[in-house]
Amino acid sequence: MTYFGELLISGISLGFIYGLIALGFVVIYKATEVVNFAQGSVLLLGAYVVARTHESLGFTLAVVVGTAAGALGALLIEFLFVRRARHADPTALAILTIGVDIALATDLTRRIGQQVLSFNDPWGDSTVDLGPFTVPQARIAAMVVSIVLVVVFFTAFKYTSWGVATRATAEDHEAAALMGIRRGRVSMVSWIVAGGLATVAGVFLGTSPSPGLNNTSNLTALNAFPAAVVGGLDSTEGAIVGGLLIGVVQSLSAGYNDKVTFLGSPLGDVAAYIVMLLVLLWRPSGLFGTREVARV
Amino acid sequence: MFERPGGAGLRRHLPRGVIVLIVIVLAALPLYVEAFWLQMGLFVFAAGIGAIGLNLLTGTTGQLSLAHAFFLAVGAYGYAYFSGSKTQIGGGVEVGGLELAPLLAAVLAVALAGFAGLLFSPIAGRLRGIYLGVASLSLVFIGQHLLLNARDVTGGFYGRNTAPFSLFGFSFTNADPPLTVLGVEFGQRERLWYLGLGLLILCYLFATNLLRGRPGRALQTIRDSEIAAATMGVNVRVYKSAAFVLSSMYAGLAGVLVALAFQRPVPDYFNLSLSITYLAMIVIGGLGSVRGAVVGAAFVTALPQVLTHYSDSLTFLAQPGESGVGAAEFANYSYGAAIVLVILIAPGGLAGVLSGRSGRAAHARATVSGAVPGGTAPGPASPPGGGPDQNGPTGTTSSVTVNKEARHS
C-alpha cells in the first residue's frame, strides 16, 4: 500500500510536468492551429541552457535565463517559420515543425552527447516523508511549482487581454480579426508561453529521481503528446487532466511491471500510448476537446 | 501545399525516352560500381517503395501518418518469421519460423502489413487531420514494445537473421547458381539490386495508374474536403481505410527489402525517427507526387551514407570520436532545413522544382485541373510578394473560409 501511494504521488507529480508541456501544445494549437512537434526540442533547449549556466549564475537565475531561452526559441520558430507559412494547412504546418525539430534536436543532442547534465538544484537527492510515504523533494517541488504555474496560467487565460484574445481567436479567428484582435501578437505570446512552460517542465524532468538531463530528454517530452490528445488538443483543462492521467498510468505501469511480466517490459513508455488509443476510440477529439461537427 | 495532382504531370514533363534511359542506366550500374553503391541503391529502392506508399496516404489522401516505421517492421519481421526456421540465436533466445518458400513468405508479409493497417482503420476512420497524426505515433511505440518483447518472432533486441530470397529456384545469394555477367560476378548485392529495382518500377507504375484513375481522384477529393468527397458519392470511410491498407502494404514490401538488405534487422531501426525520415522523403520530394516520393527517398537515404562514405575527404565534417558536426548530424540538419524550405518556398517539393513549377504556379494549374468541385482546395503556402496570377489570393482566401465554416459551424 505504501508502495502504491508512493507511485501515485510520483505519478501525479510527473503528470503535472506533462501537464505543463501539454498546456504548451494546447495554447499553441488554440492560437495558431499548429500542432507543435518541436516542443520537445524547445524543452531540451531551455533545459540545456539551465544546465550550462547554473554554475556561474546559480540555480534560480539559471532557470530564469533558461526559461527566457526556451521562450525565445519558441518565439523564433513562430516568427521565422510558422508565420511565413500561415496559409498552409495544419498538416503542412505540423510537418514544418517536425523539420525544425529534426534540426534543433540533432544539434542539442550532439552538444549533450553522452553526458548526463545535472542542474545542481536545491533539492538534490533528498527525500521528504509524507506520512508513510517517502517522496523525492524535487517531485514535491515540481508539483508545487506546476500548480502555481497552472493557476497563474488559467487566471491569465481568463482575465488578461491576451487570454481573451487567444480564446476569441480560437473560437473564430476571422471574427476576432474583425474585432481588432491582432492574430500575430496572440500567436507570438502563445508560443512564448509554451516555450517557457516547456523549459520549466524540462528542468523538472532532469531532477531527482531522474539522474539528469541527457540526450533523450526531448523524447520523454513526447509523452506529453498523449496527454494533450487524451485531454483534447483544444482544451486547457484537458491538458492538465490528460497529463495527470498519463503520469499516473505511466508511474503505476512502470512500478508494477514486474507483476505483469507477460505484458513485456518496459511497460511505462508504451502504456501512455495505449491509453491514448483507447480514449481516441471512445472520443475521437479527446475527453474535453471540441467535437468537430460538419454541416453542409 | 497539397496541391499537386498525382503523377499526372509526369508524361507532360518527362518524355518517355528519358525514363527509359534512367532505367537502363540503373540496370547497367551493377556492372560498374562497387559494393557500397549497390548496398546504398538497395536501401534507396526500399525507401522509394515505402515513400510511394506513405505518399499515397499523406500526400494524396491528406492523412498524416507517423506510423510508417511500424508497418515496415511488420513486413520485415513478417518475412523473417514466415521464411525463417527454428533456430537458436544466442542469449538463450530461440526464434521460431514457418519455413515457407521465400516468395510466399514475402507475399504473406506484405499482406500481414496490410492487415495491420486494416486493424488500425477503425481508429484512422474516426479521426481527422492532426489527431490521426498524433494517434499514429502510438503505433510506433507499441510496435517497438512488441518487437522487443515478442522474442520468438523478432529475436528481441539484437534481431534475427532473415532467410535469403529466392525466386523459382534462383537464389539471391552469392552462389546457387553462380552467375557471371560480362565478366562481373553477380553476387547477393547485384542480384538484390535487380530485385529492388524491379519491385520499385512495379510499385511506381501501380501507384501512377491508381492515381490517374477514379480511386486517385477520390483520394485527392478526400484530401481537399471530406464533405465534398462524400457529396460526390465517394465513400470516405472506405477510401480512407483502403488508403491506409495500401500504404501499409507498400511499407510492408519496403520492410521485406530492408530485411533482405540488412540480413539481420534490429528492432531499434524501426523507431520514430524512421517514420520521420519517411515523412521527410515525401515532403522534400513533393507531396502527392509519385516521382517526387522516389526522388525524395533517394535524397534522404543517400545523403547520410554518401557523407559518411566520403567523410575523410570532406574536411568540414568531424570524424567519429571527434567533437563537432559529423556526417549523420550534417545530414539531419540538411533534411530538417530542406523540409522547412520546401514548405515555406516550394510546396511542390523537388518534383515541383524539377518540372519547373512550384508554389503559386503549381497551385493555379492544380486547381484548374483538379477534380474538386467549387474550388474548395485549401490554400497552399503563398509566397510573400504575390505572383503573376491575380486571381490566386482572393480565390484562395475565400475557399478557405468556405471550408472553415463547413467544418466548424
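**Where chain B meets chain A, and what lies behind it**

In this predicted model, 45 residues of chain B are in contact with 38 residues of chain A (contact: C-beta atoms, placed from the backbone, within 7 Å). Six elements of chain B give two or more residues to this side: α5 (102-126), α6, α10 (226-231), α12 (272-285), α14 (327-344) and α17 (392-408). Helices (H or I, at least four residues) and strands (E, at least two) are DSSP runs, numbered from the N terminus. The largest share of the side that touches chain A, 12 residues, is from α6(B). Sorted by class, this side of chain B holds 28 nonpolar, 13 polar and 4 charged residues. Ala, Val, Leu, Ile, Met, Phe, Trp, Tyr, Cys and Pro count as nonpolar, Asp, Glu, Lys and Arg as charged, and the others, Gly among them, as polar.

Local features need pLDDT of at least 70 and side-chain atom pairs count only at pLDDT 80 or more, while totals for chains, interfaces and linings use all residues. Residues are numbered from 1 along each chain as its sequence is written, and chains are lettered from A and ligands numbered from 1 in the order in which they are written.

Helix α6 of chain B covers residues 129-149. Its 21 residues reach 32 Å from first C-alpha to last, close to the 30 Å expected at 1.5 Å a residue (the expected span is 1.5 Å times one less than the number of residues). Because 16 of those 21 residues are buried, α6(B) is largely enclosed by the rest of the structure. A residue is buried if 20 or more other C-beta atoms lie within 10 Å of its own, exposed if 12 or fewer, and partly exposed in between, with C-beta atoms placed from the backbone.

Chain B as a whole has 17 helices and 6 strands, and 51% of its 409 residues count as buried.

Another of the elements named above, α5(B), packs against helix α4 (residues 68-83) of chain B at an angle of about 145°, with the axes 8 Å apart. Axes are lines fitted to C-alpha atoms, for helices over the stretch in contact, and angles run from 0 to 180 degrees between N-to-C directions. Residues in this contact include B:F71, B:G75 and B:Y79 of α4(B), and B:A105, B:L108 and B:A109 of α5(B). The contact divides into 13 nonpolar, 4 polar and no charged residues.

In chain A, strands β1 (residues 127-130) and β2 (residues 133-136) pair in the antiparallel sense over 4 bridges (pairing: at least two bridges found by DSSP). A:L130 stands opposite A:F133 in β2(A). The hairpin has 2 residues between its strands, and A:G131 takes a positive phi near 60° there.

Technical notes: Two residues are in contact if their C-beta atoms, placed from the backbone, lie within 7 Å.
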